[in-house]
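Please go through the pockets of this model with me, and then look at one residue in a loop.

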Amino acid sequence: MPLPDFTENLQPYLDTLTELLESQDAEKAAEIVKTATVSISETDFDNWNGGTPTWTLRFSIPPRNYSQLISEKNALETQIDRAFSPVWSQLDAGWLVVEICPRIALKKRHQISSGEIPQSVRQNILDGMRLDGIRWQGNREDAEFLSRIFDLEQLPSFDSRFRTAAEDIWQHRVNNYDWEDDWIFTDKRFQLLDGPTDTFLKFICEVVHPITQPSKEISGKLVSDFNDQLSPYGWVLVEEERIAGRPRYIARQENSDTNTQFTRAHEAANTLDANWMSREIRRIEVAIDTDPDLAIGAAKDLLESCCKTILEKEQIEVKKTSTLPQLTKEVCKLLKLVPEGIPDEAKGVESIKTLLGNLSSIPKHIAEIRGLYGSGHGRPGNYKGLEARHARLAVSAAVTFVDFITETYKRRKATSESSN
């Protein structure tokens, strides 16, 4: 029987193996076969005398169980190998190695309540790194990088000559150097594509770690690219601290209100076809909880970009010396924010005018706050900035203005085009 039939449907063979072991009173070995996660893969090939492959049949068990039977491991592997030998010989597929190994054990693993990242999104992120020529391990060796996420001594080797993933990686990435640079993307031990979301997030955070990628420009671009893919699923990489002046990022799950707010802001940027607005929104998302001064500065820049974009689209000259309040005044004049056709005596018109007047004053106040507290100015040594809650207030106000102004511009543009 050809081997592919065996690899595609292991269960009948495992049932046979279990029955053989139980008939030999090898109860512990039979229990391992019944409860383990079982896989088979070709791990070596001997070119001598026409070539003979070596296949490794792995029984992965929980690390705690593995630790309890480590002294019996070799004897149990021998029991399983001998019991399976008459079945394997019928396949005529080469040599077989039986191995009992621990299942993947993550360091400092935390639970994720929601927001799973689909395989397609993970693939896009990894493909983007390939296209940009980014080395995921950066300035580190592969094992050094991965040991910050995985326990490499508890993961199995895919090379029958070695026992652990640590030895495996050293052999093929240092000694022989015969694995491709992006081998990790498809290695099933690390499950980047189909494993836990927190594993994948830890991986990409290590990709932009200052030790891995010391270039602020490259890491900043990567974070922006990653967040473009992650934000629709409620995740964003944010700066947690600085190491030698360089940001270290962690993954943060956004709450639905914040996520909706930024979604509206991105929709406004798309409506205006303004890539620079999208970049400023992304800067705000990253900084709003960790760097309030930067978030406030970016909120002011977002308002300025929105006003300039609308004025330029309407071919209204924008002077380089124009302040944000001046730009806002021009936009409000262009859009005629108070709806036409509402008589002054209509109920609520004064409230509408007051509300719209307050809306148009948002950019002026944010510009003033930015001048006092936002990024872009040198500060004395005893300077104390605003807190994250103040940044959230300023950002919410800025996004409300951008959303309303853009929606108004879109409606008036559509009305104008339909009347022509």
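The questions below concern a predicted model.

Q: Which strand gives the most residues to the lining of the largest pocket?
A: The largest pocket, with a volume of about 670 Å³, is lined by 21 residues, and Ser39, Phe158, Lys188, Arg189 and Gln191 are those that lie nearest its centre. Strand S1 (37–46) and strand S2 (52–61) each supply at least two residues of this lining. The element that gives the most, with 4 residues, is S1.

Q: How many charged residues are in the lining of the second largest pocket?
A: The second largest pocket has a volume of about 530 Å³ and is lined by 22 residues, with Gly220, Tyr249, Arg283, Val286 and Leu294 nearest its centre. Helix H10 (216–230), strand S4 (235–243), strand S5 (246–253) and helix H12 (275–287) each supply at least two lining residues, and H10 has the largest share, 8 residues. By class, the lining of the second largest pocket holds 7 nonpolar and 5 polar residues, while the number of charged residues is 10.

Q: Is Phe150 buried or exposed?
A: Phe150 is found in the loop between helix H7 (142–146) and helix H8 (165–175), and its C-alpha atom is separated by 8.1 Å from that of Phe190, which lies 40 residues away along the chain. A residue is called buried when its relative accessible area is under 20%. The relative accessibility of Phe150 is 2%, so this residue counts as buried.

Conventions:
Residues numbered from 1 in each chain as written. Predicted model: local features only at pLDDT ≥ 70, side-chain atom pairs only at ≥ 80, totals over all residues. Heavy atoms only, no water. Buried < 20%, exposed > 50% of the residue type's maximum accessible area, 1.4 Å probe, protein only. 1 Å grid on protein atoms, 1.4 Å probe; cavity = no way out; pocket = protein on both sides within 12 Å on 5 of 7 lines; lining within 4 Å. Points joined across faces, edges and corners; volume = space filled by probe spheres on them. Nonpolar A, V, L, I, M, F, W, Y, C, P; charged D, E, K, R; others polar.
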